[in-house]
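Open the model in your viewer and keep the selection panel at hand. The stops below are meant to be taken in order.

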Amino acid sequence: VGFKLILLRMVQRLTYRRRHCYNTKSNRIKKVRTPGGQQVVHILAKKSARAKCGDCGTALQGMPVRRPAQQMTLKKRQRTVARAYGGSRCASCVRQRIVRAFLIEEQKIVKHVLKTRKAK
């Protein structure tokens with residue numbers, strides 16, 4: 001009966017390279033084998049969430065997907081959209097706000113006109 005010779009290599013243990021040594025969301029790592037045959041740890045950045053509308057919660061169009069620290073290093077034209085409430089509210093919510101404000105003003109004018117007619 002032929003026996004196969006199995007070579008078992010010890011698994012190379014990896015340690016965190018920074019002070020924080022727990023497997024949390026902010027401390028993700030990736031094991032990478034270098035061309036020299038060594039295994040090293042690469043630290044992964046957190047995934048970025050898209051910028052959301054403050055009113056309805058939908059993702060904002062025209063906004064880059066970056067972490068907050070990188071977002072603030074961008075130029076102002078890259079952080080916003082050239083519109084009222086650009087980069088904070090979506091276009092449909094801005095439209096609703098404008099229409100609502102217009103209708104409220106119209107209502108005030110109608111009330112004022114009715115009040116002056118009644119006074120006469």
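The tour goes through a predicted model, one selection at a time.

**Stop 1: the strand.** Select Ile29, in strand β1, which covers residues 29–33. With a relative accessible area of 31%, Ile29 is partly exposed.

**Stop 2: the cysteines.** Select Cys90, which counts as buried because its relative accessibility is 11%. Which cysteine sulfur is closest to the sulfur of Cys90? That of Cys93, at 3.4 Å, which is too far for a bond. The cut-off for a disulfide is 2.5 Å between sulfur atoms, and the structure holds zero disulfides. Cys90 and Cys93 belong to the largest nonpolar core, together with Cys53, Leu60 and Met63, five residues in all. Show the contacts of Cys90, again without residues up to four places away in sequence: Cys53, Cys56, Thr58, Leu60 and Arg83. For contrast, select Cys21, which at 43% relative accessibility counts as partly exposed.

**Stop 3: the salt bridges.** Side chains of opposite charge can pair when their charged atoms come close. How many salt bridges does the structure hold? There are three. Start with Asp55, partly exposed at a relative accessible area of 42%. Its salt bridge with Arg89 has the closest N and O atoms 3.1 Å apart. Asp55 lies in the loop between β2 (39–43) and α1 (68–73), and Arg89 in the loop between α2 (76–79) and α3, so the pair ties together parts that are 34 residues apart in sequence.

Next select Arg97, which forms a salt bridge with Asp55, with the closest N and O atoms 3.2 Å apart. This pair links helix α3, where Arg97 sits, to the loop between β2 and α1 that holds Asp55, 42 residues apart. Arg97 is partly exposed, with a relative accessible area of 25%. Show Asp55, Arg89 and Arg97 together to see them linked in a network of salt bridges.

**Stop 4: along helix α3.** Select Glu105 and Lys108, whose salt bridge has its closest N and O atoms 3.5 Å apart. Both lie in helix α3, three residues apart, about one turn of the helix. Glu105 is partly exposed, at 43% relative accessible area.

Finish on Phe102, found in helix α3, residues 91–119. Phe102 counts as exposed at 52% relative accessibility.

Conventions. Residues numbered from 1 in each chain as written. Predicted model: local features only at pLDDT ≥ 70, side-chain atom pairs only at ≥ 80, totals over all residues. Heavy atoms only, no water. Helix = DSSP H or I, 4+ residues; strand = E, 2+ residues; numbered from the N terminus. Buried < 20%, exposed > 50% of the residue type's maximum accessible area, 1.4 Å probe, protein only. Core = buried A, V, L, I, M, F, W, Y, C linked by side-chain atoms within 4.5 Å. Contact = heavy atoms within 4.5 Å. Salt bridge = Lys/Arg side-chain N within 4 Å of Asp/Glu carboxyl O.
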